[in-house]
Amino acid sequence: ILSTFLFTTMMKLAAFAALMGSAAAFAPAQTGKATTALNAFESELGAQPPLGFFDPLGMLDDADQDRFDRLRYVEIKHGRIAQLAFLGQIVTRNGI
């Protein structure tokens, strides 16, 4: 009898937890204005609404324009190298 009582209690708790979890999915989202110290780069190419200037790792928190330009240059260079690597992979797999 104790195991049956324990089983039904656990099932009721599981059902209650599932109900509360599903109710939280319909709660209104928290709205608030996120502040950022990166207003200096808001007008750069690539800053688009709704995110604006997107720097999730915070690499430009204390950066100046020279650091921003260097990181943008390096990102473009690495993108071009990745494109050439992909093209080399396609060429190699097709035996050209």
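Mentor: Ala, Val, Leu, Ile, Met, Phe, Trp, Tyr, Cys and Pro count as nonpolar, Asp, Glu, Lys and Arg as charged, and the others, Gly among them, as polar. This is a predicted model, where local features need pLDDT of at least 70 and side-chain atom pairs pLDDT 80 or more, while totals for chains, interfaces and linings use all residues. Residues are numbered from 1 along each chain, and side-chain values use heavy atoms, without hydrogens or water.

Trainee: How does the lining of the largest pocket divide, then?
Mentor: The lining has 11 nonpolar, 2 polar and 3 charged residues. A pocket is an open set of points on a 1 Å grid where a 1.4 Å probe fits, with protein on both sides within 12 Å along at least five of seven lines; lining residues have an atom within 4 Å of a point.

Trainee: Which residues lie nearest its centre?
Mentor: Of the 16 lining residues, those are Phe53, Phe54, Leu60, Phe68 and Glu75. The volume of this pocket is about 460 Å³, taken as the space filled by probe spheres set on the points.

Trainee: And how many aromatic pairs are there?
Mentor: There is 1 aromatic pair (ring centres within 6.5 Å). Phe53 is in the loop between helix H1 (2–24) and helix H2 (65–94), and Phe68 is in H2, 15 residues apart.

Trainee: New topic: how many helices and strands does the chain have?
Mentor: The chain has 2 helices (DSSP runs of at least four residues) and 0 strands (at least two).

How values were computed. Rings of Phe, Tyr and Trp (its six-membered ring) pair if their centres lie within 6.5 Å; planes under 30 degrees apart count as stacked, over 60 as edge-to-face and the rest as tilted.
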